[in-house]
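Biologist: Hi! Could you walk me through this structure, starting with the ligand site?

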Amino acid sequence: MAGVSNGGEAKPATAARIYDYYLGGTHNFPADREAAEAMLRVFPVGPKLARTNRAFLRRAVRYLAESGVRQFLDIGSGIPSEGNVHEVVQQVAPDARVVYVDIDPVAVAESLEILEGNELATAIRGDLREPQAILSHPQVTALLDFTQPVGLLLAAVLHFVPEDDEAYDAVGQLRAALAPGSYVVASHATTDDVVHDQDDLNVAHDTYQQQTVTPLGLRSRSQFERFFTGLDLVEPGLVWLPLWRPAPDDPQYFTDDPKRSSGLAAVGRVLMP
Ligand SMILES: C[S@@+](CC[C@H](N)C(=O)[O-])C[C@H]1O[C@@H](n2cnc3c(N)ncnc32)[C@H](O)[C@@H]1O
């Protein structure tokens with residue numbers, strides 16, 4: 001396939017499709033698999049991190065659906081392969097509506113294929129750094145009613161917006177559009193309590209940066225917490241990925257040492273002004 005152009009430099013792999021490969025999906029290309037395998041050589045826990053993150057997302061959206069949320073805006077959604085948001089929430093509430101948004105056009109095309117026939121879920125191309133374009137997109141406004149609670153999902157995407165100003169501003173604009181009773185769900189790769197070998201992490205990071213167009217920037221716990229300022233954090237608060245309301249049907253990775261998941265997670269509820 002053609003590489004994604006970035007300043008004249010071909011970077012053929014994408015985060016969405018590397019992540020899909022780590023999840024065991026089939027929506028990826030040789031360049032994605034090569035980049036993924038190169039990172040696996042130094043950082044073999046990658047697939048477990050991906051599955052642990054996806055499992056958190058499933059638990060969080062099930063919680064939201066069981067709490068009455070019927071609309072979901074999933075930004076940085078990747079490829080909604082098995083067990084993703086629309087399947088989980090429509091199991092709880094068949095009338096739940098989902099808009100997936102991703103920067104990767106191939107992920108969007110694959111998503112649309114998966115969603116064919118599902119009139120209550122769609123996928124659009126959008127950039128988290130351009131929140132107003134997402135909020136005013138005709139397919140978003142057709143499917144979602146922002147006068148009612150919405151689940152805003154930002155799972156494992158904020159670390160692809162490494163500039164703090166851009167990330168906090170984008171989330172601020174999205175949060176401003178949410179009605180009381182809405183929720184913000186987010187997970188984030190972190191620099192805190194690094195338990196993996198730093199040299200290996202550096203090699204994996206360099207490989208990733210060389211092969212893909214979406215740069216990676218990890219944040220500390222307090223930097224992640226800032227995205228939730230003013231929201232009511234759902235119990236158990238901001239925790240390592242496997243510790244957010246663990247469920248018996250999840251992959252049981254990192255349960256003995258949750259910080260090895262390298263990811264933080266939280267769900268916050270929008271209060272009455
Ligand atoms: C690690 S995947 C996470 C997928 C899914 N949210 C999950 O947690 O299972 C990150 C996704 O974010 C997307 N992404 C990266 N930067 C983005 C941006 N600025 N706007 C929208 N999507 C972005 C990537 O294309 C990729 O699909």
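Biologist: How many residues surround the ligand, and which are the closest?

Modeller: There are 20 residues around the ligand, with Y19, N53, R54, G76 and D102 the closest; a residue counts as near if one of its heavy atoms lies within 4 Å. Keep in mind that this is a predicted model, where local features need pLDDT of at least 70, side-chain atom pairs need 80 or more, and totals for chains, interfaces and linings use all residues. Residues are numbered from 1 along each chain as its sequence is written, and side-chain values use heavy atoms, leaving out hydrogens and water.

Biologist: What does N53 do with its polar side-chain atom?

Modeller: That atom of N53 sits 2.8 Å from a ligand oxygen. G76 uses a backbone N or O atom, 2.7 Å from a ligand nitrogen, and a polar backbone atom of I103 is 3.3 Å from a nitrogen of the ligand. The protein covers 98% of the 600 Å² of accessible area that the ligand has on its own (Shrake-Rupley method, 1.4 Å probe; for residues, only the protein chains shown count as cover).

Biologist: Which helix gives the largest share of the shell?

Modeller: That is α3, with three residues. Both α1 (15-22) and α3 (46-66) supply at least two; helices here are DSSP runs of H or I with at least four residues, strands are E runs of at least two, and numbering starts at the N terminus.

Biologist: Switching topic: which residues of α2 are buried?

Modeller: A31, D32, A35, A36, M39 and L40 are, where buried means under 20% relative accessible area, exposed over 50%, and partly exposed in between (1.4 Å probe, protein chains only). The buried residues of α2 pack against α1, α3 and α9 (198-211), contact being heavy atoms within 4.5 Å.

Biologist: And T190, buried or exposed?

Modeller: T190 counts as buried because its relative accessibility is 5%. T190 is in the loop between β7 (183-189) and α9, and its side chain reaches the backbone oxygen of R219 at 2.7 Å. Leaving out residues up to four places away in sequence, T190 touches several residues, including L218, W240 and S262.

Biologist: Where is G68 found?

Modeller: G68 is in the loop between α3 and β3 (71-75). At 41% relative accessibility, G68 counts as partly exposed.

Technical notes: Polar contact = N/O pair within 3.5 Å; in protein donor to acceptor, adjacent residues only side chain to side chain.
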